[in-house]
Amino acid sequence: MKATGKRYPMKSDIRERDDRFVLEIDLPGFDKENIKAYIQNGYLIVSALRERGKEKENHKWIRQERYYGNYQRSFYIGTDISEEDLKATYRFGVLKIQIPKKAKKTEQHQGKIQIA
Amino acid sequence: MLAPSIFGRNFVDDFFGNSFDDMFQEMFRTPQNETMGLMSTDVQDMGDYYQLEMELPGYQKEDLKADLKDGYLTISAEHKEENDEKDEKGKFVRQERYTGYCQRSFYVGENITQNDIKAGFENGVLKMAIPKKEAKAVEEKKYIAIE
């Protein structure tokens, strides 16, 4: 499993288990609805949007270290795996995706992965 | 290397700086690379209070601690074994996330007490509202008696 993209800010862990890989991505402070994951040409692409709240616009910044805007990162998972094979959850600011090593036999088509 | 720095580079200067505001701002000028992207924090001046937002992904409320001492607000996070709903089996193919102990301090002034600060934690972001409190107008100079 290869990963491309910036090392920061979407810090990710990948653990290998007997039957699957477990991918965990730090995405603190997002709404679940603004996180999208899909597969394209063998890459699992995770993108997320975080906008600065309106209430913040008119106030003076003393320190800004957090990044607002679009995040995207992709991971090569091979062409055998489709969206139906993946399970995703978002808890405590971490997106966790379970990627089986062997795909179930299903027709490949592009759809979005449900984030529970 | 992975632990964030506690104080800014100019900590000593800050400490002997002039006003509360100067100190506060100086504190918040820690370069990003010193924190390694951990505990990234936004601070905004909301008029009558400061709004602090700190990223702590993967931690739970029970893992966090916030202390006030000598005018410094210190936030620390450490995973507690007992709330392990994670499965940590399997070997790492890639490891970028830091899940150990981390802490960071901010100078907030000595007039702030525990009860003044409101805090909430959601989706890995700690939010705190720290009221602005006037420093006591003129501090009495304490002369040392020379005998």
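Biologist: Say rings of Phe, Tyr and Trp (its six-membered ring) pair if their centres lie within 6.5 Å, with planes under 30 degrees apart counted as stacked, over 60 as edge-to-face and the rest as tilted. Which residues do ring pairs link into a cluster?

Modeller: Phe30(A), Tyr67(A) and Tyr71(A) are linked that way. Note that this is a predicted model, where local features need pLDDT of at least 70 and side-chain atom pairs count only at pLDDT 80 or more, while totals for chains, interfaces and linings use all residues. Residues are numbered from 1 along each chain as its sequence is written, chains are lettered from A and ligands numbered from 1 in the order in which they are written, and side-chain values use heavy atoms, with hydrogens and water left out.

Biologist: How many aromatic pairs over all chains?

Modeller: The search of the whole structure gives 4. One of them joins Tyr67(A) and Tyr71(A), edge-to-face, with 5.1 Å from centre to centre and 80° between the planes.

Biologist: Is Tyr71(A) buried or exposed?

Modeller: Tyr71(A) is buried because its relative accessibility is 7%; the cut-offs are under 20% relative accessible area for buried, over 50% for exposed and in between for partly exposed (1.4 Å probe, protein chains only).

Biologist: What lies over the face of Phe21(A)?

Modeller: Lys101(A) does, 5.5 Å from the ring centre. The test for a charge over a ring is NZ of Lys or CZ of Arg within 6 Å of the ring centre and within 35 degrees of the ring normal. In chain B, Lys132(B) sits over the face of Tyr50(B), at 5.1 Å from the ring centre.

Biologist: Sheets next. Which strands form the open sheet with S6(A)?

Modeller: The order is S6(A)-S1(B)-S2(B)-S8(B)-S7(B), 5 strands with antiparallel pairing. Strand S6 (60–64) of chain A and strand S7 (118–122) of chain B are at the edges with a single partner strand each, so one side of each has no neighbour in the sheet. A pair of strands here needs at least two bridges found by DSSP.

Biologist: How many bridges between S2 and S8 of chain B?

Modeller: Strand S2 (residues 49–55) and strand S8 (residues 125–131) of chain B have 7, in the antiparallel sense. Across that pairing, Leu52(B) is opposite Met128(B).

Biologist: And what is the order of the sheet with S5(B)?

Modeller: S8(A)-S9(A)-S3(A)-S2(A)-S5(B), an open antiparallel sheet of 5 strands. S8 of chain A and strand S5 (91–95) of chain B are its edges, each with a single partner strand, so one side of each is without a neighbour. S3(A) and S9(A) share 7 bridges, and Leu23(A) has Ile97(A) as its bridge partner in S9(A).

Biologist: Which residues touch the most other members in the largest nonpolar core?

Modeller: Leu27(A), Ile35(A), Leu44(A), Val46(A), Leu95(A), Ile97(A) and Ile99(A), out of 25 residues. Strand S3 (20–26), strand S4 (35–40), strand S5 (43–50), S7, S8 and strand S9 (94–100) of chain A each give at least two residues to this core. Another core, of 22 residues, lies apart from it and includes Met39(B), Leu73(B), Phe106(B) and Met128(B). A core is a set of buried Ala, Val, Leu, Ile, Met, Phe, Trp, Tyr and Cys residues joined through side-chain atoms within 4.5 Å.

Biologist: How many residues of S5(A) are buried?

Modeller: 6 of its 8. S5(A) runs antiparallel to S4(A), with 6 bridges, and Ile35(A) has Ala48(A) as bridge partner. The hairpin of these two strands has 2 residues between them, and Asn41(A) takes a positive phi near 50° there. S5(A) also pairs with S7(A) over 8 bridges, antiparallel.

Biologist: Where is Glu83(A) found?

Modeller: In the loop between strand S7 (69–76) and strand S8 (87–91) of chain A. Glu83(A) counts as buried because its relative accessibility is 6%. A polar atom of its side chain lies 3.0 Å from the backbone nitrogen of Ile39(A).

Methods. Helices (H or I, at least four residues) and strands (E, at least two) are DSSP runs, numbered from the N terminus. A polar contact is a pair of N or O atoms within 3.5 Å; within protein, one must be able to donate a hydrogen and the other to accept it, and residues adjacent in sequence count only if both atoms are side-chain atoms.
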